[in-house]
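Hi,

Here is the structure I promised to pass on. Have a look at it first, and then read my notes below.

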Amino acid sequence: MSTGFKHRRSTDSRASSRSTPVSASVAISSSTNGASSTGDSSCHLSRSHDSKRVTSTLQQHAESGKMAFAGLRKQINKANQYVSEKMGGAEGTKLDDEFTEMERKTDVTNELIEELQVKTREFLHPNPASRAKMSAVKGTSRFSFKRISKLSGQAKAATYPQPEGVLGDCMVNFGRKLGDEEPFAQAMIETGEAMKQIADIKYALDDNMKQNFLEPLHHLQSKDLKEVMHHRKKLQGRRLDYDCKKRKRDRGTNIPDEEIRIAEDKFAESLHLAQMSMHNLLENDVEQISQLATFTESLLEHHRQCADILSALQETLQEKKNEAASRARPEFRPKTLADLGIQSNATYQPDGTNGALSSGSAPSGSPLPSPMRSPARTPNPQNPCAQALFDFEPENPGELGFKEGDNITLTQQIDENWLEGTLDGRTGYFPTTYVQVLVPLPR
């Protein structure tokens, strides 16, 4: 009984255990089917979205491809028209003389602005070596807009030494080495300090020029002129494209009227923009003259300050001169070897006599012979003559050429500026400023 019961319970338990997975699998299957239907729906939406995105991307690529192809065709048309005009004798659209004159003036203005900046920098820094050193420190030889702005107000801290400052430092250093109590040393120090002040004024001039003259010029070059050149280049390209399409249509090529009209509209637009930009540039003379006025004012103020410093220095040096002239000077007697405590048998005497000579002997004269002039250069005092101060190369017939130091025999006075003379058997006339008359002509 008990065994059968146990067996029945175990059988029921196994049946129960077998039935459980079935029901679970049914539940899982139903839930899986529901999830599968939801996943299919979301997957369908995702695929639809991806399809639209791919389609849009393909359309964009197609449009960009068309635009790239159209741009390539335009470049080919421009090259074709350019070669046809230069080598094939094809006629392009001619613009009027007024436009050509505007282009010429614009080109001259562009060249002017570039050259003016270079020459102004050379004027401010005339030493090429120092100018190259500044360029190397700053990394380039051209002044950029940003660098000019950074340099404004900082010229004194730059690497370029003003020659006035270098000279001033030299004077001050050696004046102090001589001693501040000496009048000449004091005058040297005063002059050196004045030169250093002039150097500071020159630094201020550099700052003013860079900020108020070079910087506006660079802005004009990098902004306005650059825009003008851009419009002119674009005009040239659109003109070539328009002329090429029109020439092909005249030869029978099937080119749609709409394409010709679009090219003509772009050509007209570029023509208008190029004319307006050149007109605005060339009519800006008020601002350009104002910049030149600023340049002149800066120079005038610089020289005025330098003149004030030099005037004050001149008065100071005149006072130092008068002070040195009126100073009491003690009598100076050179010391002998005996005065220095040195035992010596020297017979030298400061008056030029030799102690070894007898008292009746006459004092010796100068130990060196007097200099004598070369016989070739000694003029004959009886005849009118002149000595050449410089070399004179004749440029016209009848002129007498000579070298420095030649002695020329004078024959007559042509006028106040020209003389006639003879040298080595040659006779001719020469300017009076090239010679020194030793024996004048008789009046």
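Predicted model: local features only at pLDDT ≥ 70, side-chain atom pairs only at ≥ 80, totals over all residues.

How many residues lie between β2 and β3 in the hairpin that they form? There are four residues between β2 and β3 there.

Before the rest, a word on where this comes from. Five strands make up an open sheet in the order β4-β3-β2-β1-β5, with antiparallel pairing. Strands here are DSSP runs of E with at least two residues, helices are runs of H or I with at least four, and both are numbered from the N terminus. Two strands pair if DSSP finds at least two bridges between them. At the edges stand β4 (426-431) and β5 (435-439), each with a single partner strand, so one side of each has no neighbour in the sheet. On average, neighbouring strands are turned by 40 degrees against each other, direction ignored (axes are lines fitted to C-alpha atoms, for helices over the stretch in contact, and angles run from 0 to 180 degrees between N-to-C directions).

Strand β1 (residues 385-388) runs antiparallel to β2 (residues 407-413), and three bridges join them. Cysteine 385 sits opposite threonine 409 in β2, while alanine 386 has isoleucine 408 as its bridge partner. Glutamine 413 has leucine 419 of β3 as its bridge partner.

Next, the charged pairs. The whole structure has 16 salt bridges, where a salt bridge is a side-chain nitrogen of Lys or Arg within 4 Å of a carboxyl oxygen of Asp or Glu. Here are some to look up:

- Arginine 104 and glutamate 101 meet at 2.7 Å, N to O. They are three residues apart in helix α2 (residues 97-124), which means about one helical turn separates them. Arginine 104 is partly exposed at 45% relative accessibility, and glutamate 101 is partly exposed at 32%. (Buried means under 20% relative accessible area, exposed over 50%, and partly exposed in between, with a 1.4 Å probe and protein chains only.)
- Aspartate 339 and arginine 333 form a salt bridge at 3.4 Å, N to O. Aspartate 339 is partly exposed at 41%, whereas arginine 333 counts as exposed at 56%.
- Lysine 403 pairs with glutamate 393, with the closest N and O atoms 3.5 Å apart. Both lie in the loop between β1 and β2, so the pair ties together parts that are ten residues apart in sequence. Lysine 403 is partly exposed, at 45%.
- Glu103, Asp107 and Arg232 are linked in a network of salt bridges.

You will find serine 277 in helix α7 (residues 257-282). Apart from neighbours within four places in sequence, serine 277 is in contact with Val228 and His231, contact being heavy atoms within 4.5 Å.

Happy browsing!

How values were computed
Residues numbered from 1 in each chain as written. Heavy atoms only, no water.
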